[in-house]
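Me: I have just opened this structure and would like to know what the labels rest on. Could you take me through them, with the cut-offs?

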Amino acid sequence: KKIYSQIALVSEKSAWLPVSIAENFALSQNLAGIKDVLAFHELIDTLPISQHNKALIDSLAELLPSQVELPFLQQLAIIRALIANQKFSC
């Protein structure tokens with residue numbers, strides 16, 4: 001049981017609601033029981049990636065998932081899974 005709490009499953013085609021990427025992230029934090037929900041740009045600032053990549057990801061915040069290319073959605077799904085499991089801290 002302990003090991004399952006440390007696993008995040010991300011499928012090739014992750015499920016996204018038809019709301020903005022930022023709203024999807026806020027909802028996933030709420031569903032994970034995170035009390036202090038961070039805004040999308042605050043979450044992106046915590047990522048251990050270059051400023052260029054942070055700006056690129058942050059620029060997707062107001063887009064609907066249907067407007068984002070699959071490789072970016074896959075990267076966002078991984079970030080979302082890490083945050084939802086509360087194992088992501090930088």
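Me: Which residues is Val-10 in contact with, leaving aside its neighbours within four places in sequence?

Reply: Val-10 is in contact with Ala-77, Ile-78 and Ala-81, leaving aside neighbours within four places in sequence. Contact means heavy atoms within 4.5 Å. Along the chain, Val-10 and Ala-77 are 67 residues apart, while their C-alpha atoms are separated by 6.6 Å. Val-10 itself lies in the segment before α1. This is a predicted model, in which local features need pLDDT of at least 70 and side-chain atom pairs count only at pLDDT 80 or more, while totals for chains, interfaces and linings use all residues. Residues are numbered from 1 along each chain as its sequence is written, and side-chain values use heavy atoms, with hydrogens and water left out.

Me: Why does Val-10 count as partly exposed?

Reply: Buried means under 20% relative accessible area, exposed means over 50%, and partly exposed is in between (1.4 Å probe, protein chains only). Val-10 has 29% relative accessibility, so it counts as partly exposed.

Me: And why is Ile-57 called buried?

Reply: Its relative accessible area is 7%, and the limit for buried is under 20%, so Ile-57 is buried. The place of Ile-57 is in helix α3, residues 51-58. Not counting residues up to four places away in sequence, Ile-57 touches Phe-40, Ile-44, Leu-47, Ile-49, Leu-76 and Ile-79. Gln-75 is 18 residues from Ile-57 along the chain, and their C-alpha atoms are separated by 9.2 Å.

Me: What makes a run of residues a helix, and how many helices are there in the protein chain?

Reply: Helices (H or I, at least four residues) and strands (E, at least two) are DSSP runs, numbered from the N terminus. The protein chain has 4 helices and 0 strands, and its pattern along the sequence is α-α-α-α.

Me: How many aromatic pairs are there, and what makes two rings a pair?

Reply: Rings of Phe, Tyr and Trp (its six-membered ring) pair if their centres lie within 6.5 Å; planes under 30 degrees apart count as stacked, over 60 as edge-to-face and the rest as tilted. The count comes to 2 aromatic pairs. For Trp-16 and Phe-25, the ring centres are 6.3 Å apart and the planes are at 35°, so this pair is tilted. For Phe-25 and Phe-40, the ring centres are 5.0 Å apart and the planes are at 75°, so that pair is edge-to-face. The pair of Phe-25 in helix α1 and Phe-40 in helix α2 (residues 40-45) links distant parts of the chain, 15 residues apart. Both Phe-25 and Phe-40 are buried, and Trp-16 is buried too. Ring pairs link Trp-16, Phe-25 and Phe-40 into a cluster.

Me: How do you know that Arg-80 lies over the face of Trp-16?

Reply: A charge sits over a ring if NZ of Lys or CZ of Arg is within 6 Å of the ring centre and within 35 degrees of the ring normal. Arg-80 lies over the face of Trp-16 at 3.8 Å from the ring centre.

Me: Why is Leu-27 called partly exposed?

Reply: Leu-27 has a relative accessible area of 33%, which is between 20% and 50%, so it is partly exposed. The place of Leu-27 is in helix α1, residues 21-31.

Me: Finally, what share of the protein chain counts as buried?

Reply: Of its 90 residues, 29% count as buried.
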